[in-house]
Amino acid sequence: MNDHPVLRPEQLGELASIDSPTVNNAVDSLGFRDPTEGFASSELRCIYPDLPPMVGYAITCTDDSSTPRAGPGRGYQELYEAIQAAPKPVVVVFKCLGDPRRSLHMGDVMASIVGRLGAVGVVTDGGVRDVAAVRERVPGFQMFAGGIVVGGGAPSLGDVGISVSIFGLTISPGDLLHGDANGLLTIPLPIADRVAEAAKSIQQREKERVDFVRSDGFAIDQLTSAH
Amino acid sequence: MARVLTPDQLEALRKIDTATMTNAIDHLNVRPPTAGFASLELQCLMPELPPMVGYAVTATGDSSSPAIPGRKSQDRALYEAIRDSPKPAIVVFQNIGTDRIRSNQFGDIMVTTFNRMGAVGAVTDGGIRDLAGMRRRAPGFQMFAAGAVPSAGVSIVVEVGITVSICGLTIRPGELLHGDANGLITVPDDIADEVAAEGERVLEKEQKKVEFIMSDEFSLERLAEISGW
């Protein structure tokens, strides 16, 4: 993450004003990676689909609450310190080390803490809970998860600051994440400052095309030649 | 059969969200914190409703196997079990057909009947349908399922009053269930009458902690002190 400049607040704001599919098209249009890569599969659920796009830098860790343990688990201080020290906004990424269908990685108290430290969302292949309380206590905080699970289990933090894979999306510490109701992708840092502009020209082209498709002049032969 | 709580005790349980309930149960040390709840495969289909609390009436169901001549649906036994159950009841169907995620266990007519007989919710590891009809015909009735499927299939009740397993949660007939947008749990019999008070203490403690997190006093060092890291 040191190789590339942190985006200016207005650049991050621009990215947050564009929906994730258009950002994904924009990344593809810049030819930087294969269009079949760079996004999480449909198994990753957006818990608050009404929220605007989430944009932030990944702080990653592994975590497990589903494996029974005798003593107390490892606490989350190292993770909180990493969030505090990172460029903002932060998206906290939890890779489940236990049973992802029964593991819990975010609730309202932890969301309050990480939100206070500058996180705007969480991503996990395991579960989250307190869907109403998180919305109330940390307004605007987004959650991407395998689903919702009620049991807090026996939480224990694993490693912080490692590369993880969430439903087919590889996420490294410092990666720029973009997500909304449509799903989650990484924005490659070397082209991050060019994505918003590319997205805007895609939005313009799509608008022109849809205007034509809905117009009285619509015809298939016109569609193929002019669009 | 679980101990039957008073209406006031049931009302106290309905005031606590299900996530807080699991914390409260964990504090009372009656089971491992990794047990007693269904996995995230079980979806709450009416997440806007307040917590559902009731006694399990259990059965197995099958809608995905082709019709077997002579096999008779145990509808009457099911309805009698709901009638005889302490109230409120929650009807729990485990799929035993060939294909769980193509099965259909509950529709709006069945749910309206359950509701009329004193059930407040239904739970299945398979599918359901008629969500809009359920909302209209049985307002306030909660539904937990793997998801919605449109076809009823060849739907029958196979056995009534047996122990079932729903997305990793074992549910015995008569067991007390608690569920909301966060998921579904069983409430252990031994602590059913004291867990609501513990839940209130958990809520109060969390409220104080969140007020500290949002206050000007907040720092990681202070949080570590308070949390005893």
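I start with one residue, A:Val91. Leaving out residues up to four places away in sequence, A:Val91 touches A:Met54, A:Gly56, A:Tyr57, A:Ala58, A:Ala119, A:Val120, A:Gly121, A:Val122, A:Val123 and A:Leu177. Touching, or contact, is C-beta atoms, placed from the backbone, within 7 Å.

Some bookkeeping. This is a predicted model, where local features need pLDDT of at least 70 and side-chain atom pairs count only at pLDDT 80 or more, while totals for chains, interfaces and linings use all residues. Residues are numbered from 1 along each chain as its sequence is written, with chains lettered from A and ligands numbered from 1 in the order written.

Back to the residue. A:Val91 and B:Ile90 touch the most other members of the largest nonpolar core, which has 123 residues. Such a core joins buried Ala, Val, Leu, Ile, Met, Phe, Trp, Tyr and Cys through C-beta atoms within 7 Å; buried is 20 or more other C-beta atoms within 10 Å of a residue's own.

Now the chain. Of the 227 residues in chain A, 47% are buried. Among contacts in chain A with a separation of 6 or more, 78% are between residues 24 or more positions apart. The C-alpha trace spans about 70 × 35 × 30 Å along its principal axes.

Last, the interface. Chain A gives 30 residues to the contact and chain B gives 29. Elements giving two or more residues on the chain A side include helix H3 (77-85) and helix H4 (108-116); helices are DSSP runs of H or I, at least four residues, numbered from the N terminus.

How values were computed: Buried ≥ 20, exposed ≤ 12 C-beta atoms within 10 Å, placed from the backbone. Contact = placed C-beta atoms within 7 Å.
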